[in-house]
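Please keep the structure in view while reading.

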Amino acid sequence: MASTATTLSWSSSFCLHNYSLAKNSNAETVKLSERTSILTIVAQKKTKKIRKIILTEDITQLGKKGELLDVKAGFFRNYLLPLGKAQIVTPALIKEMKMEDERIEAEKKRVKDEAQQLARIFETVGAFKVKRKGGKGKQIFGSVTSQDLVDIIKAQIQRDVDKKIVSLPEIRETGEYIAELKLHPEVTARVRLTVYAN
């Protein structure tokens with residue numbers, strides 16, 4: 001009961017207040033305008049929608065495979081995702097990428113170690129001997145090519161070597177020469193080659 005009494009008294013006082021405002025509108029208007037506070041509305045800037053992505057293949061003017069990038073949401077949604085060129089970054093995907101990077105690094109290290117072992121073998125073998133038909137003085141008929149060196153290596157130490165990795169100086173006479181085998185971008189083996197005439 002008490003709550004209805006307070007409600008009635010509040011509504012009745014509100015009505016009386018409105019009645020008195022209407023009666024003395026000129027005098028009260030000044031008082032109301034002094035009492036009202038100024039409301040300022042601040043509009044926020046439109047937020048840029050950015051997505052963190054990982055590229056699944058090389059894209060010119062954007063980046064290489066496995067690179068982490070921030071791109072606009074629309075570019076990702078409309079171009080990269082439908083073509084399967086990128087994925088949204090997730091903790092599982094980052095973990096998978098780290099494992100893949102570690103695997104690739106381990107493979108590179110293994111290949112480099114293998115190349116270094118092969119280089120040591122080539123350098124400890126000594127000089128490979130090449131026999132050619134002799135001409136006047138020290139000259140030989142024909143020249144010694146990288147294919148000749150590859151055949152000799154295969155015959156002597158049973159290792160297959162690609163002739164593209166062999167660099168030889170021009171050999172047109174008897175003597176001792178040094179050939180280089182580029183086994184790895186960081187490993188080069190130097191092989192001694194002795195050319196003699198029949």
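Two strands are said to pair if DSSP finds at least two bridges between them, and the elements themselves are DSSP runs numbered from the N terminus, with helices (H or I) of at least four residues and strands (E) of at least two. The model is predicted, so that local features need pLDDT of at least 70 and side-chain atom pairs count only at pLDDT 80 or more, while totals for chains, interfaces and linings use all residues. Residues are numbered from 1 along each chain as its sequence is written, and side-chain values use heavy atoms, with hydrogens and water left out.

An open, antiparallel sheet is built from three strands in the order S2-S1-S3. Because strand S2 (68-72) and strand S3 (86-88) each have a single partner strand, they stand at the edges, and one side of each is left without a neighbour in the sheet. Helix H3 (residues 73-83) packs on this sheet and touches S1, S2 and S3 (contact means heavy atoms within 4.5 Å), its direction making about 105° with that of S2; axes are lines fitted to C-alpha atoms, for helices over the stretch in contact, and angles run from 0 to 180 degrees between N-to-C directions.

| Strands | Bridges | Bridge partners |
|---|---|---|
| S1 (residues 50-55) and S2 | five bridges | Ile 54 and Leu 68 |
| S5 (residues 166-167) and S6 (residues 175-184) | two bridges | Ser 167 and Glu 180 |
| S6 and S7 (residues 187-197) | nine bridges | Tyr 177 and Leu 193 |

S6 is joined to S7 by a hairpin of two residues.
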